[in-house]
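Biologist: I would like to learn how to read a pocket and a helix in a model of this kind. Could we take the two features in turn, with the general idea ahead of the case?

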Amino acid sequence: MRFLHHPPPRDDYPARTAPSGSPGAAPPPGRSGTPGPPAAPSVPDGMPEPRPHGHLGPEDGACLMETASLLGAGPFTDSPRGTDPALAALARSVNDSVGDRARRALRPLAADLADSRPADRGFAPRLIADVLHAAREAAPAARGLAVREARCRARARRVSASPGGRTAAARDTVWWRGPGRHHLERALRVLLRAPDAERRLVAALHDAVGAARHATAAGAAPVASAHPPHPSSPSATVG
């Protein structure tokens, strides 16, 4: 199974980098100071138990994206149509890589993830660039991250200014399944090796969901900041 799609543990990087009782970050949305749109409704009672990896049905539990699929009233899947594929891949990886307490604390994000597919073509490469930037801060000596980030930001600027349509959508899909996925995998592998990996992963996902919420609510791309977001310092203990 693919790294970004509920993989089994591997020997070359830890499948879980922090014990289930370790703290994680839950940064508030809109940390740039701009007000965000109204918060999405919380996850209702009676939803499946938060679990890592994929499941055949909700009776076995649900990962974060499977919970989002139930809230979106679609089929039970970890790749719901209402979520941008790059954002869904990030959410799956974070869900599988954190401890149980952090996973439960992430559960309210499922309501936003259920409807997070911005129309802006630059959203996915911008999201991946932000995760690469977070990886650079976690491991400044890691090779190639700056080049990968620059390429993603250049693509985000280019496609955001380009018209959409079926041809553009096909090109975006090819980019995501090739270079985009590889860039995100590289960033996540670096973050997973950080001593405070869980905090950084949780912060990256909160940043990504916040950006998607703003872009989806506005019906346009989020305004690009001059300085990419920094990994958050914990504002609350997960659990």
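Modeller: Let us begin with the second largest pocket of this predicted model, which is lined by 30 residues, with D84, P85, R117, T173 and W176 lying nearest its centre. Two or more lining residues come from each of helix 2 (85-97), helix 5 (123-138) and helix 7 (166-192), and helix 7 gives the largest share, eight residues.

Biologist: How much space lies in the second largest pocket, and which classes of residue make up its lining?

Modeller: The general idea is that rolling a probe the size of a water molecule over the atoms shows where empty space is left. In this case the second largest pocket holds about 580 Å³ of space, and its lining is made of 13 nonpolar, six polar and 11 charged residues.

Biologist: What span should helix 2 have, and which residue caps its N-terminal end?

Modeller: At 1.5 Å a residue, the 13 residues of helix 2 should span 18 Å, which agrees with the 18 Å between its end C-alpha atoms. The N-terminal cap is D84, with a side-chain oxygen 2.9 Å from the backbone nitrogen of A86, and D84 is also one of the residues nearest the centre of the second largest pocket.

Definitions and conventions
Residues are numbered from 1 along each chain as its sequence is written. This is a predicted model: local features need pLDDT of at least 70, side-chain atom pairs count only at pLDDT 80 or more; totals for chains, interfaces and linings use all residues. Side-chain values use heavy atoms; hydrogens and water are left out. On a 1 Å grid over the protein atoms alone, a cavity is a set of points where a 1.4 Å probe fits but cannot get out, and a pocket is an open set with protein on both sides within 12 Å along at least five of seven lines; lining residues have an atom within 4 Å of a point. Grid points are joined across faces, edges and corners, and a volume is the space filled by probe spheres set on the points. Helices (H or I, at least four residues) and strands (E, at least two) are DSSP runs, numbered from the N terminus. Ala, Val, Leu, Ile, Met, Phe, Trp, Tyr, Cys and Pro count as nonpolar, Asp, Glu, Lys and Arg as charged, and the others, Gly among them, as polar. The expected span of a helix is 1.5 Å times one less than its number of residues. A polar contact is a pair of N or O atoms within 3.5 Å; within protein, one must be able to donate a hydrogen and the other to accept it, and residues adjacent in sequence count only if both atoms are side-chain atoms.
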